[in-house]
Amino acid sequence: MTSNLTAAANAAHTNTHTSTIPRTDPDTNTTKRRHIAIALITAAVLLMSSVAGALFAFAGATAGINGNGTNGVYINIYGPYYKALANETSAAYGRGGCAWYASSRASELAGKNLGVHSPANWWNTYAAQYGFRKTSYPVAKGFAVFSNHMAVIEKVEGNTLTISEGSNPGASDAAHAYCAIRQVNRTAFEKSNYGGQSFRGYIDLGYRVDNPPRPETRPADTSAVYIAQGSTDNKWHAYRGSTPDYGYTGITKGLYGWWKTYNGTVDFGANGVFKNAYGWWKVTNGKVDFSFTGIASNEYGTWYLIGGKVDFSFSGDISWAGRTWSVAGGKAVLK
């Protein structure tokens, strides 16, 4: 009897103890905190990996275009136009980016953003819209257009073409953004079909980069941008070294004077007041007229010029073309 009561009491004590003391082991809280920390760290690592992947694909973490320097052709696919047009398509710097690459290269040559257009849209619409000419033969610089692929013709040497292109895993890889510069046989290239695609033709972009200046037209100082006549197209261009700078727009010096250029070519139709780093100048038929003293206008107003240059220091009244003008800080107003 006594032993039974003792057993019952012990049982009651055990039950009471078990029911009144919480079963929260300090080690359990530590484990939970550890699991939460691990989860947060894992999420952060995944996020960083995702961001790093995007930066790798876009911000220059790759090796650049494959074959850079082939046959003297150098292209920076992380230049401003390539980056700007990458904002217009998710295919940039990856497979499927042939239109992004070709459109970026054309924009770079033109010195302005031409937008991203598919091969079909370039062929059917935008070549004519931008004044580019379709041809049945390759022209440098130009496009080679297939039904769903396009490449840029960099050089033409007989039946050998130097081309650059995007979205060609057979000639490049992810480390080079699937972009490549390579040489191809024209006949084989036109029949290559890129996996069943048909060849449409060529588009002449009108930019003759392989157009060295005629030596007799070069000025003595060629250390900066200068004007000279191209030996291939006989047009007058802005040059850096021996290469036309088709992105240059401004006023610069040549052997026969200072000239207004637009997209690297002298604009003989330019008339008015234009500026460069040295001032605002009177331009007549593309050439700075240093003999001009008088009143001339541009989109910013009407100005008083002395020796072909706006004189921003002059204030006073002058007579010009039978009228009196009030000039303040070079800007003229008819009295």
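**Ground rules.** The model is predicted, so I took local features only at pLDDT of at least 70 and side-chain atom pairs only at pLDDT 80 or more, while totals for chains, interfaces and linings use all residues. Residues count from 1 along each chain as its sequence is written, and side-chain values use heavy atoms, without hydrogens or water.

**Helix α5.** I looked up residues 119-129, helix α5. (Helices are DSSP runs of H or I, at least four residues; strands are runs of E, at least two; both are numbered from the N terminus.) P119, W122, W123 and A127 are buried, that is, under 20% relative accessible area with a 1.4 Å probe, protein chains only; exposed means over 50%. Seen down the axis, the buried residues of α5 fall within an arc of 90°, so they line one face. The arc is taken from the directions from helix axis to C-beta atoms. On the face turned away I found exposed N124, A128 and Q129. After α5 comes G131, with a positive phi near 80°.

Next I checked β10 (residues 250-254), where four of five residues are buried. β10 pairs with β11 (257-262) in the antiparallel sense over five bridges; pairing needs at least two DSSP bridges. Two residues join them in a hairpin. K253 stands opposite W258.

**Cores.** A nonpolar core is a set of buried Ala, Val, Leu, Ile, Met, Phe, Trp, Tyr and Cys residues joined through side-chain atoms within 4.5 Å. The largest has 33 residues. α4 gives the largest share, eight residues. Apart from it I noted another core of eleven, including A140 and L161.
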